[in-house]
Amino acid sequence: MEYDVPVMKVHRYTLEDLFSKRLLMLLPFYIFSYEKDFPEYNNSKQKLESLVAEYQEILARLEALEQQGAIGAFDKRTIIELSRDVIRELTKKYENVQKGVGEIMSGALIETEARAILNIGKQEGRKENQRETALRMLETAKLTIEEAAQYSGLDLAQVERLSRG
């Protein structure tokens with residue numbers, strides 16, 4: 001079989017194109033559009049400020065999309081984290097660019113309430129999994145309370161409570 005795969009060249013898309021066509025997952029690669037001009041941005045405070053302003057606009061637009069419910073907090077955070085990682089790698093030789101644009105994207109990763117709730121949910125899920133594992137060990141594997149505690153990662157008192165019902 002033969003397939004034609006269209007090639008997308010991110011540098012051909014404007015910021016407006018990326019947002020209007022909902023090509024948000026291309027945003028982390030938007031910095032490639034400026035790569036050839038990094039030496040200039042690195043040496044000109046004025047030019048660097050315009051690039052920083054553009055990334056501030058990206059953050060503001062992502063925030064607006066999240067507020068409108070068009071994207072979730074997790075999606076927004078993923079785009080920002082990927083952008084930060086690409087910027088960090090691509091601008092290694094350009095300290096001013098990395099500081100200017102990189103700090104904008106890193107500063108956007110402040111812990112949000114939604115992210116904190118997600119992390120708490122994951123922790124609770126792990127604890128519940130440990131409790132279920134200990135119960136199965138006690139019931140089906142006929143392990144001692146000490147062995148079930150050791151293998152499940154729970155403390156002895158927790159496993160004793162589980163064994164009593």
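Author: Among the elements of the protein chain in this predicted model, helix α2, residues 38-43, has the highest mean pLDDT at 94, whereas helix α6, residues 113-139, has the lowest at 78. Over the protein chain the pLDDT averages 86, and 93% of the residues score at least 70.

Turning to the rings, the count comes to five aromatic pairs, taking centres within 6.5 Å as the rule. One of them joins Phe29 and Phe32, whose ring centres are 6.4 Å apart and whose planes stand at 25°, so the pair counts as stacked. Phe29 is partly exposed, because its relative accessibility is 36%, and Phe32 is likewise partly exposed, with a relative accessible area of 37%.

Another pair is made by Tyr30 and Tyr55, which is tilted, with 6.4 Å from centre to centre and 50° between the planes. This pair links distant parts of the chain, since Tyr30 sits in the loop between α1 and α2 while Tyr55 belongs to helix α3, residues 45-68, and the two are 25 residues apart.

Tyr3 counts as exposed because its relative accessibility is 63%, and together with Met1 and Val5 it forms a nonpolar patch on the surface, with about 490 Å² of accessible area for the three together.

Methods
Residues numbered from 1 in each chain as written. Predicted model: local features only at pLDDT ≥ 70, side-chain atom pairs only at ≥ 80, totals over all residues. Heavy atoms only, no water. Patch = residues over 30% accessible without salt bridge, like charges linked within 9 Å, V, L, I, M, F, W, Y side chains within 5 Å. Areas by Shrake-Rupley, 256 points an atom, 1.4 Å probe, with all protein chains shown as cover. Salt bridge = Lys/Arg side-chain N within 4 Å of Asp/Glu carboxyl O. Buried < 20%, exposed > 50% of the residue type's maximum accessible area, 1.4 Å probe, protein only. pLDDT = per-residue confidence, 0-100. Helix = DSSP H or I, 4+ residues; strand = E, 2+ residues; numbered from the N terminus. Phe/Tyr/Trp six-rings, centres within 6.5 Å; stacked < 30°, edge-to-face > 60°.
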